[in-house]
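Please keep the structure open beside the text as you read.

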Amino acid sequence: MRKLKLQVQISIDGYIAGVNGELDWITWSLDKAILKYISDLNKDIDCILMGRVLAEGFIPHWKEEATDPTKKRDFVKEMSEAYDFAKKMHETKKVVFTKSLKDSTWENAVLATGDLATEIMTLKNKPGGDIIAYGGAAFVSSLIKTGLIDEFHLFVNPVAIGKGMAIFKELDSKQDFNLVRATSFECGIVVIHYQPKRN
Amino acid sequence: METQVSIDGFIAEPDGNTNWMIWNWGTDWTWANELQKHHTDLTLSADCILISRQMAEEGFIAHWKQASENSDSPLFTFAHHVTKTPKVVFSNTLTKSVAIPGGWDTAEIVSGNFIEQINQLKSKPGKNILVYGGATLVSSLIKERLIDEFHILVNPVALGNGLSIFKTIEDKQNMILLQSKSFSCGMVLLQYKLITD
């Protein structure tokens, strides 16, 4: 079965966004080692899951980054890597979960409108590479509740924000995890990798 | 500050329950040896422990006094140091005429202006001041930016909801990552220094 991974930026106090979706607390100047971690994590991914809210920003953003000729500055190595990443985000198949949209107007994206757990199980049972989700808060909360995420990669940023959007709040009962590893990076982020314990 | 949290950042369930912790402060020390050492070393670096009124009343002093009676226990060095180290209880209502479990021999009550009193303690010569809890005391210290170093021990469990220690801060607080460590028992240590500017 395909693995479902979660990669999210999170504050010390457990929020993935501010009350109004603010992301200004996130460390954007990433060091080489963490970029390698992200690249390895996404290497075998051929499907990205997201909620409708995130899709509205995510899909047009990466399309622009990947198709705007002024961004293709591949003579600079760092830019070339950023461009490759944008291209991957643009070209990878997206599945957008929505109850309100009827048709996808986005490239490389299909809609999923059925029961979340059923849709995810169908996707996981198909042949293919691994599946990943990056956000947003409402979608990830529902996803966590289904218990279908196989790997959690929490990018703990060195900041407490006090209040914001949490992702575990829909759990009906405690969820135990196995710690796989914690890795600290020069940029101040600690990535904690967990697998959920299943009965 | 050294405190245990869940993956989602809570120090207790909504009703105060902490039995989800790998080690819930009992006599059987269910942490990996390396983490026991970190915890003991941190405690030994302190010559003053801040405790909340509630902890004093609920038996923090008596609990560790009792644990320090068994010199064969891996907990002994920690429990013995906690027992002999002076404790400070910040409270504007408590007096020493009220008996607490374990007694007042090693504890003082400090009252008045919270920020002034804590700053006064910090400006005295001596070693580190340590606080483990409880939720209200730690929240107040965090809100007033009085904690210099955070040792956050993340238990491998998500609770869904519970008591948070950062919820009273008004602005975001940026930290410098000093180190992180993972332990075979599943715990992760996140050690930060508050950025003051």
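Two strands pair if DSSP finds at least two bridges between them. Helices (H or I, at least four residues) and strands (E, at least two) are DSSP runs, numbered from the N terminus. This is a predicted model, in which local features need pLDDT of at least 70 and side-chain atom pairs count only at pLDDT 80 or more, while totals for chains, interfaces and linings use all residues. Residues are numbered from 1 along each chain as its sequence is written, and chains are lettered from A in the order in which they are written.

Let us start with the sheet of five strands. This open sheet runs E7(A)-E8(B)-E9(B)-E6(B)-E1(B), with mixed pairing. Its edge strands, E7 (159–160) of chain A and E1 (2–5) of chain B, each pair on one side only.

The other open sheet has nine strands in the order E4(A)-E3(A)-E2(A)-E5(A)-E1(A)-E6(A)-E9(A)-E8(A)-E7(B), and its pairing is mixed. E4 (109–112) of chain A and E7 of chain B stand at the edges with a single partner strand each, so one side of each has no neighbour in the sheet.

| Strand pair | Sense and bridges | Residues opposite each other |
|---|---|---|
| E1(B) and E6(B) (149–154) | parallel, four bridges | B:Glu2 and B:His151 |
| E8(A) (175–184) and E7(B) | antiparallel, two bridges | A:Gln175 and B:Ala158 |

Helix H1 (residues 32–42) touches E1, E2, E5, E6, E8 and E9 of chain A, and its direction makes about 155 degrees with that of E1(A). Helix H5 (residues 137–146) touches E1, E2, E3 and E5 of chain A, at about 110 degrees to E2(A). Such angles run from 0 to 180 degrees between N-to-C directions, with axes fitted to C-alpha atoms, for helices over the stretch in contact.

How do the chains meet? Contact is counted when C-beta atoms, placed from the backbone, lie within 7 Å. By this count, 28 residues of chain B are in contact with 28 residues of chain A. On the chain B side, E7 (157–158), E8 (173–182) and E9 (188–194) give two or more residues, and the largest share, eight residues, comes from E8(B).

Finally, B:Leu190 is in contact with A:Val156, A:Val190, B:Ile152, B:Val154 and B:Ser180, leaving aside its neighbours within four places in sequence.

Note on methods
Two residues are in contact if their C-beta atoms, placed from the backbone, lie within 7 Å.
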